[in-house]
Amino acid sequence: MHLIFALIVFHILGNIMSAHTWQVLAIYMALAASLSEQQALKQTCPSCDATQLCNCSSMGLEFIPPGLTAKITGLNLAHNRIKHIQSQDLKQAVNLRTLLLQSNKISSIDEDSFQSLEKLELLDLSNNSLAHLSPVWFGHLFSLQHLHLQGNSYRDLGQSPPFSRLRNLSSLHLGNPQFSVIRQGNFEGIEFLHKLWIDGSNLSQYEQGSLKSIKQINHMIINIRSITTFSEIVRDLVYSVSWLEVRGIAFRSSAEMQVLRVMSSSFAKKISFRQALLTDATVPEIVSILEDMPKLVELELVDCRLLGTGQWKMEFQEKKSQTLRVFTIKNLAIEEFYLFTDLQAVEGLLSLFTRVTVQNTKVFLVPCKISQHLRSLIYLDLSANLIGDLSLEHSACQGAWPSLQTLNLSQNSLSDLEMTGKSLSHLANLIVLDISQNNFGEIPEECTWPTHLKYLNLSSTHIPKVTRCIPQSLEVLDVSGNNLKEFGLQLLSLKELYLTRNQLKTLPGAAPIPNLVSLSIRRNKLNSFSKEEFESFRRMELLDARDNNFICSCEFLSFVHHEAGLAQVLVGWPDRYVCDSPLAVRGAQVGAVRLSLMECHRSLVVSLICVLVFLVVLLLVAVSYKYHVVWYLRMTWAWLQAKRKPKRAPPKDVCYDAFVSYSENDSEWVENTMVRELEQACPPFRLCLHKRDFVPGKWIVDNIIDSIEKSRKTLFVLSEHFVRSEWCKYELDFSHFRLFDENNDAAILILLEPIQSKAIPKRFCKLRKIMNTKTYLEWPLDEEQQQVFWYNLKIALRS
């Protein structure tokens, strides 16, 4: 009937209005709908308002917010409680390029939910509850480059190839602890992937040839436990993978390593093992397999465990690997490292290594023979280990590391700087040396260093000063974090100097370091300078002196900008700090200049202003609370809203006989006595109670106003609790303006206990007026009089 009536109305209007009027009406309706959707989006996700990137993560959303438009290119809905994606949710977001839905509770997706997202490049559905994957979801995502599906609950990828339409796919993340099957055809349509990540910790069934359809994979990550399944996968990846990263696998016995012989034919250039378990029995087998790989350049072990003491029996082939150059070990846990051998068994593998990294592995000594076999080594990182002065002397013995150019010994146990320099002095090719975060404490007057050393990092080594122990050949010196009080060293070749986090009060002299182009002197105690001091640094390209104690940074900048002409090199000092105060006299100290309080104590003045503003705000809040200012403002707003609404609700919208307004302390009488009496009467009355009939999630004020408008009468159950309650003081009386302005006869007052009108707060003037001018019902204690009470109440409700 409603539809037929609407059609008739539109037909009549169509005969009356011109075509132009219809167009205007259509535009108006479209704009109104658009504004309504934008308002809904703004309420659900405020960061989406007039932006291209919407960050709605961690907001407790249970649905995709409405009102998404074509302007939005990025939408982050991660870490919410979304369970279902519907067809219409993303239909308007046609320009979306990034959609993040990870860490929700998504268990179902309508098949055409992503149909309009042809420009989408990144889709993250990881860590949800998807029990299956549908090829239809991805059928129209022609621009998709990155797809993350790991951490769901699907056991396989389905019978049909789910990714066959994704021709631009570059990275694919799959799998979960329940993922157990990979079938032929699952990866059909994919020819190239930059990264393929498969979480297959419980993968037990792999159909041969399933991954063979992918012709090239730059980086393959697989988390797997079954060595047999892993070998089957490797068989399909022999020619396609450039970097193979294996996680969570355990190589326990030499017998189970035989199935991995297929790796020896792999064309992979890099092999990484993460969270792997190795033993003395399996290490020789792994080395033998890797030695046969024709293109292997880099081997990496990260966060692995080794059970054993290095008693490895190896037989190297005459034609050993000629390609392996880079070897990295990070965070290797050797349970009995103090019993570990000198690794003579692997000496034959070391001669071709050019880069070796062994970090955080409790290395306290590199055997001299091992060092001497590293003839091609140009980069060595032994940071975060246990190397001391004597062990370094033994490790860097004569003939050790003859080609070495970069050495990192930071975070070790070195304590003698002179001995450190002497131990390394024979390394003729050494250019870069990092010995930071050791505990040298003292620095001698003279030291011996490698002849061609250019870069030296001595930061955080507790040296109290700098002496001629610092090599004269340096171009870069870092002595940050050492509490130095002065720097007057002559370094003619020095180009970069880092003095951050020291105790310097003056700039270092420029004459001893004439070629300096970069100086970082942050977080010191600089507070003054002279023009002569600063002019000596005219050749510098970078000067960073932030976080110091200049008496007036404004004056300092003015001097530099106008006198020295070096504004372009002052990192971190924007022009907005330049003031119009008088410049310092030529050659004078900044401390001698008399400046205003605001100029020289900017921080103090700003702090005082902030404190005063805070106290004023606090005072206003207190006054507003005492005199109920907020209450009056909210009541005024409610009155304005009520004035804009029609005087009476349409009869069809009235669905209650009465709305009951009462205090929580009187709920037992209302709910157990009055409701039972009225709703079980003949005919029954239909009452509206806030506990039972308010719409969950809706603002309480809207619930009150809507309930009053849908009720013929309003019952006020008055008591001492009622006039003192917060309900009466704030939310409930939003409705009084409209109720009393429209029709005073709609209000029925019930006095549950004797109460004087004077006891009602003066700001409830309408309620006080009605109590003085209108008859109200009093609840009697006598049972016989209670029958009369119910009779009069029912008469009042029917009137």
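**Note on the predicted model: helices, sheets and one serine**

1. Helix 3, residues 227-236, is mostly covered, with seven of its 10 residues buried. This is a predicted model, and the remarks below should be read as applying to it. The buried residues of helix 3 are Ile227, Thr229, Phe230, Ser231, Ile233, Val234 and Asp236. They pack against strand 11 (205-206), strand 12 (216-224) and strand 13 (241-247).

2. Strand 29 (residues 656-661) pairs with strand 30 in the parallel sense through two bridges. In that pairing, Ala658 has Leu687 of strand 30 as its bridge partner.

3. Seven of its eight residues are buried, so strand 31 is largely enclosed by the rest of the structure. Five bridges link strand 29 and strand 31 in the parallel sense, and five bridges also join strand 31 to strand 32, again running parallel. Phe716 can be followed through both pairings: Ser661 stands opposite Phe716 in strand 31, and Phe716 in turn stands opposite Leu749 in strand 32.

4. How do the axes of helix 13 and helix 20 cross? They come within 11 Å and cross at roughly 70 degrees. That makes helix 13 roughly perpendicular to helix 20, since angles of 65 to 115 degrees count as such. On the helix 13 side, the contact is made by Trp669, Thr673, Met674, Glu677 and Leu678. On the helix 20 side, Phe789, Trp790, Leu793, Lys794 and Leu797 take part. The residues of this contact divide into seven nonpolar, one polar and two charged.

5. A separate open sheet has three strands, in the order 15-17-19, and its pairing is parallel. Strand 15 (277-279) and strand 19 (333-334) are at the edges with a single partner strand each, so one side of each is left without a neighbour in the sheet. Three bridges pair strand 15 with strand 17 (residues 305-307) in the parallel sense. For Thr279, the bridge partner in strand 17 is Leu307.

6. The last point concerns Ser423. Is this residue buried or exposed? Its relative accessibility is 7%, so Ser423 counts as buried, the cut-off being under 20%. Ser423 belongs to helix 7 (residues 417-424). The side chain of Ser423 reaches the backbone oxygen of Met419 at 2.9 Å. Beyond its neighbours within four places in sequence, Ser423 is in contact with Leu392, Glu393 and Ala396.

Definitions and conventions:
Residues are numbered from 1 along each chain as its sequence is written. This is a predicted model: local features need pLDDT of at least 70, side-chain atom pairs count only at pLDDT 80 or more; totals for chains, interfaces and linings use all residues. Side-chain values use heavy atoms; hydrogens and water are left out. Two strands pair if DSSP finds at least two bridges between them. Helices (H or I, at least four residues) and strands (E, at least two) are DSSP runs, numbered from the N terminus. Axes are lines fitted to C-alpha atoms, for helices over the stretch in contact, and angles run from 0 to 180 degrees between N-to-C directions. Angles under 35 degrees count as roughly parallel, over 145 as roughly antiparallel, 65 to 115 as roughly perpendicular and the rest as oblique. Contact means heavy atoms within 4.5 Å. Ala, Val, Leu, Ile, Met, Phe, Trp, Tyr, Cys and Pro count as nonpolar, Asp, Glu, Lys and Arg as charged, and the others, Gly among them, as polar. Buried means under 20% relative accessible area, exposed over 50%, partly exposed in between (1.4 Å probe, protein chains only). A polar contact is a pair of N or O atoms within 3.5 Å; within protein, one must be able to donate a hydrogen and the other to accept it, and residues adjacent in sequence count only if both atoms are side-chain atoms.
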